[in-house]
Amino acid sequence: MRPPLRTLLGSPRDAAYALLAPVPGFVCGIAMLALLAVSLVASVTQVGLVLLIGVLVVARATGALHRALLRGLLGEHITPPPRRRPQPHGLFARLRAAVTDGDGWRAAAFAVAFPPVAVVLFAVSVGVRLYGLAALTYPLWWRAVREDGRRGIGLAGDVRLDNWPAALLTAVAGLAVLALAAWSTHGLLRHVVRPLARALLGPGRLDERVQVLEETRALAVQDSAAVLRRIERDLHDGTQSRLIAIAMALAGARDQLARAPGDAPQLARGRELVTSALDNSRAAVTELRHLVSGIHPPALNDGLDVALQTLAARAGLPVTARVDLPARPSEAVETIAYFCAAELVANAARHAGASRAEVEAYERDGVLRLVVRDDGRGGARRGVGRGTGLTGLAERVSTVDGRLLIDSPDGGPTTVTAELPLG
């Protein structure tokens, strides 16, 4: 059971929110409504469109204020909507993305819907509670009140609260009014304010689903990178070492057979078989090294900057590599960036007829940008084959929600940018 004092006065959190939140909420809501009306009226002009975008930005800030009030005063933790994605290129595309900001519109809807709720909440919690306190304390001050020369407060008709029994009954009624105010305040917060805030100030259902899918995909990408890294270590430290040991043993056997006296057909055949086995084992070691390098290049063990410098030194044309990253990216992003650079440099050397190339990696707005430029003949396009060429790079980049931008006019030069989110 609730304590009697808690029943009369209500929860301190409820009372604090009902007292402190309505004023800023009411002011922000009225200002938001006015700005929204002005921007919609002027939306036929460019000024109105800019105002509308500004309204949505302000709405997100207002939503953050309401979430802070709910968290600080009521203990209601509402997950903020996800950060807006990087703005697309092009003025029209950016304006369209800004105007169709669903989270901003929902925050604006809450800001506009909150003022009437705030008025009712403040009136019930403060006004009705003050009335109940006045009635509760009536026995203390009723003798000091005079109306028409008589003590006490007069009600309808000739009914007056001018004696002790009436004063005591008024105090009992004050207790009931206080309990009603506390119950009404709690009901408004529980059944109106909280559900409205959860629905409009948190991430939408689609956003939540997208966030879950992004998180599971990120985990899958990280797990895949870890598995490939483990396979690479097993092949490098286990299988490759055993093949090298077998090759060394076969080399020793070949030398022993070469020194063995005699030229019997069986001995000559044995020498041929050992030599063939040795050649095959060496070829297997070479292929395994290429396979291991394709899974996880050893140069990445020291970071993307070292790997790109090594790639530039081993390229078939002069390559300049510049890396400016404040922190080391995740293993998956690092691997994708390296293989994109390797593929693009190889394309410049083999297909574009380039005489030089540049590789640049830097971070901007939480996105790793890998830029590869060459002075070749240009005309690079995404092919139709999935998993190959530029199409394969675009598919690999998309696994971490990145994108591949190609600028390659006929005659060159070619600039390919891979944008890989770091968050």
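Is Asp 103 buried or exposed, and what is its relative accessible area? In this predicted model, in which local features need pLDDT of at least 70, side-chain atom pairs count only at pLDDT 80 or more, and totals for chains, interfaces and linings use all residues, Asp 103 is buried, with a relative accessible area of 9%. Residues are numbered from 1 along each chain as its sequence is written, and side-chain values use heavy atoms, with hydrogens and water left out. Buried here means under 20% relative accessible area, exposed over 50%, and partly exposed in between (1.4 Å probe, protein chains only).

Asp 103 forms a salt bridge (a side-chain nitrogen of Lys or Arg within 4 Å of a carboxyl oxygen of Asp or Glu) with Arg 60, the closest N and O atoms being 3.4 Å apart. Arg 60 lies in helix H4 (residues 46–74) and Asp 103 in helix H6 (residues 102–136), so this pair ties together parts that are 43 residues apart in sequence; helices are DSSP runs (H or I, at least four residues), numbered from the N terminus. Arg 60 is partly exposed, at 24% relative accessibility. Asp 103 also meets Arg 106 in a salt bridge of 2.6 Å, N to O, and these two residues of helix H6, being three residues apart, are separated by about one helical turn.

A further salt bridge joins the side chains of Arg 194 and Glu 76 at 2.4 Å, N to O. Because Arg 194 lies in helix H8 and Glu 76 in the loop between H4 and helix H5 (91–99), the pair ties together parts that are 118 residues apart in sequence. Arg 194 is buried at 17% relative accessible area, and Glu 76 is buried at 10%.
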